[in-house]
Amino acid sequence: MGQSGRSRHQKRARAQAQQRNLEAYAAQPHSFVFARGRAGRGVRQLSLDLRRVMEPLTATRLQIRKKNSLKDCVAVAGPLGVTHFLILSKTETNIYFKLMRLPGGPTLTFRVNKYTLTRDVVSSLRRHRMHEQQFTHPPLLVLNSFGPLGMHVKLMATMFQNLFPSINVHKVNLNTIKRCLLINYNPDSQELDFRHYSIKVVPVGASRGMKKLLQEKFPNMSRLQDISELLATGAGLSESEAEPDGEHNITELPQAIAGRGNMRAQQSAVRLTEIGPRMTLQLIKIQEGVGEGNVLFHSFVHKTEEELQAILAAKEEKLRLKAQRQDQQAQNVQRKKEQREAHRKKSLAGMKRARAEADGDSDAEDPGAPPEADRAGQQEEEDEAEYFRQAVGEEPDEDMFPNARRRRSTRPPSKKQRLKQQRPDRGSDHRPPKAKGRPRGTQAKGPRGAVQNYGRGRAQRPKRVA
């Protein structure tokens, strides 16, 4: 029974091919196309059409919320390998298109003088060619009239070239070229014409009838007697079905192209069909960095050398102050960190000392409270003792306020104090003096000759004497 499935070498070769494809895809330029601010419905639709032009090396379903700033987009673009931003915005007077190179710039700002959406371009055509297979590969970029007209023109050409992956004319597969992006520069008006076309290659040298047979839809030959009539004269075909070809679009194919009759080393015609969108752009300024930086070129504002030096000096001063603030912040952070560390060590030492004192294992002598604290406590107890004297009228006991100073009384001792002084100790042999008065059980005469009993017994009523 034979071995089923792929062998080990086949799996390894497939894995290596996939890895090479991933590396090649990551090396290609990628872009974000979006609109910012209150752009309006037309500008937002233009951004979607422009995103369609940049497919497949762009984020097709990119969504930007109002709260997302440009810094958020830049932070997300880094891990995803995005190299360019194409941003559309609208003000009260004009529409602007910004082309940014990540991560270090520059930023090109264009003013959109005129634009036409894709749906308007397609609806104006009699026959349009637009299908999904055209957007599986990036378009072919064609730059026209970008000559030695200045550094800003050269920079524009370089920026547009870096938007799309470079091609090798000796190894390129012509079947992957389905679209064409034409950018034409007009030196007189200093405007750019942005056009997007679909490419179709058809064989030449055949009659209109033969071309019709090579297409998918066959013509109606019910009125013909023989097929030779169709091939010889092209009877039954309208003049609109035959597109004029000439030397401007006829070439010899270096390789076979998908399509009926497009063979290698044969004459074929290359036909372009516009699929939109259209834009007429005018360069406004070129800046360093991503959205902010020194202005390298401006179409309307021209500054002298002194003004440029003053702007450069102000920029350097701003950077110096920023670096100084960063150093100060770093020193403050380090100082606070050291303070926290010292406080933590001090707290741990205090906790350890308190635990040792509670366990009775500490041999260190307690220095006690400072003299200021002793004086404060003594003064507080003296105040409380004075309040007790005013409220009660007597001296407090010694154990009640031990730290308060005893006040010598100038008044004579009270009865309670005299009794306390006369009371002997319990351990002595001296007996207290007897209380004056009659002992228990004695009788005394009461008023009117009545006899009163001072004993425990019940008092007896006096007897009447006869």
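Okay, quick one to start: is Glu 341 buried, partly exposed or exposed? Glu 341 comes out as partly exposed, with a relative accessibility of 32%. One thing before I go on: what you see up there is a predicted model.

So, who does Glu 341 pair with? Its side chain meets that of Arg 344 in a salt bridge, 2.6 Å from N to O. Arg 344 is partly exposed too, at 42% relative accessibility. Both sit in helix H8, and because they are three residues apart there, about one helical turn separates them.

Stay on H8, residues 305-359, for another pair. Arg 320 and Glu 317 form a salt bridge at 2.5 Å, N to O, and here again the partners are three residues apart, about one turn of the helix. Arg 320 has a relative accessible area of 45%, which means partly exposed, and Glu 317 is partly exposed at 37%.

Searching the whole structure turns up five salt bridges. Arg 52 and Glu 132 meet through their side chains at 2.9 Å, N to O. That pair ties together distant parts of the chain, 80 residues apart: Arg 52 is in helix H2, while Glu 132 is in the loop between helix H4 (118-123) and strand E5 (140-144). Arg 52 is partly exposed at 25%, whereas Glu 132 is exposed at 54%, since the cut-off for exposed is over 50%. And there's a network here: salt bridges with shared partners join Arg 52, Glu 55 and Glu 132.

While we're on H2, let's check its length. It has 13 residues, 41-53, so at 1.5 Å a residue it should span 18 Å; the end C-alpha atoms are 19 Å apart, and that agrees. Several H2 residues are buried, among them Val 43, Leu 46, Asp 49 and Arg 51.

Now the inside. The largest nonpolar core has 34 residues, and the members touching the most others are Phe 97, Leu 99, Phe 110, Met 156 and Leu 192. Helix H5, residues 151-161, gives this core its largest share, five residues. There's also a second, separate core of 11 residues, including Val 82, Phe 85, Leu 102 and Val 290.

Last stop, Leu 99. What does Leu 99 touch, leaving out residues up to four places away in sequence? Its contacts include His 84, Phe 85, Leu 86, Pro 106, Phe 110, Met 159, Phe 160 and Leu 163. Notice that Phe 85, which belongs to the second core, is on that contact list.

That's my tour, thanks.

Methods. Residues are numbered from 1 along each chain as its sequence is written. This is a predicted model: local features need pLDDT of at least 70, side-chain atom pairs count only at pLDDT 80 or more; totals for chains, interfaces and linings use all residues. Side-chain values use heavy atoms; hydrogens and water are left out. A nonpolar core is a set of buried Ala, Val, Leu, Ile, Met, Phe, Trp, Tyr and Cys residues joined through side-chain atoms within 4.5 Å. Buried means under 20% relative accessible area, exposed over 50%, partly exposed in between (1.4 Å probe, protein chains only). Helices (H or I, at least four residues) and strands (E, at least two) are DSSP runs, numbered from the N terminus. Contact means heavy atoms within 4.5 Å. The expected span of a helix is 1.5 Å times one less than its number of residues. A salt bridge is a side-chain nitrogen of Lys or Arg within 4 Å of a carboxyl oxygen of Asp or Glu.
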